[in-house]
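Here is a short tour of charged pairs and packing in one model. Have the structure open beside you as you read.

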Amino acid sequence: MASVEDLKDALRENLDRSGKLRSLKAQLRADVYNALHNASEADQKALPQVSNENLLINELIREYLVYNSYRGTVSVFLPESGQPAVRPFDRAFLASHLNVPEGPNSAQLPLLYSLVELAAKGQTQPPQAKTHQ
């Protein structure tokens, strides 16, 4: 007859093999992080203002994380980065602003994939320095 420890070990191995254990740990970390950072409204107001460049970059990262189903990471990324919960830009705006051509195949993937492909082909221009006043 199996002991309680044997059953625990078998359950842990099964969850680990199926990838569920990693997902549960990520969700637990995200829940703990959110509980600690949502303790008061003062904490929320203390978040730094996000620059326009960071808003764009964060949206590219959010799109990538959502596409790859990194839900735990997104739940930590948004409050930690100060990114609004509601997307400030839609994909069409991002593609237009970043001069990323949209085709039938590329529209199914996050814009980061298109940016990496353009960079690999040497088709990107360095960003112009912006002055902040």
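Lys8 and Glu5 sit 3 residues apart in helix 1 (residues 4–18), about one turn of the helix. Helices here are DSSP runs of H or I with at least four residues, strands are runs of E with at least two, and both are numbered from the N terminus. The side chains of Lys8 and Glu5 meet in a salt bridge, with 3.7 Å from N to O. The term salt bridge stands for a side-chain nitrogen of Lys or Arg within 4 Å of a carboxyl oxygen of Asp or Glu. Side chains of opposite charge can pair when their charged atoms come close.

Before going further, a word on the source: this is a predicted model, in which local features need pLDDT of at least 70 and side-chain atom pairs count only at pLDDT 80 or more, while totals for chains, interfaces and linings use all residues. Residues are numbered from 1 along each chain as its sequence is written, and side-chain values use heavy atoms, leaving out hydrogens and water.

How many salt bridges does this rule give? The count comes to 7, and the table shows three of them.

| Pair | Closest N to O | Helix |
|---|---|---|
| Arg12 and Asp9 | 3.4 Å | helix 1 |
| Glu59 and Arg62 | 2.8 Å | helix 4 |

Are Glu59 and Arg62 buried or exposed? Both are buried, where buried means under 20% relative accessible area, exposed means over 50%, and partly exposed lies in between (1.4 Å probe, protein chains only). Glu59 and Arg62 are also linked with Arg87 in a network of salt bridges. Helix 4, which holds Glu59 and Arg62, covers residues 52–67.

Arg12 is partly exposed at 47%, as is Asp9 at 33%. Helix 1 has 15 residues and reaches 21 Å from its first C-alpha to its last, close to the expected 21 Å; that expectation is 1.5 Å times one less than the number of residues. After helix 1 comes Gly19, with a positive phi near 85°.

Now for the packing. The largest nonpolar core has 8 residues, among them Leu55, Phe89 and Ala95. Helix 4 and helix 6 (91–97) are the elements that give two or more residues to this core, and helix 4 gives the most, with 3 residues. Such a core is a set of buried Ala, Val, Leu, Ile, Met, Phe, Trp, Tyr and Cys residues joined through side-chain atoms within 4.5 Å.
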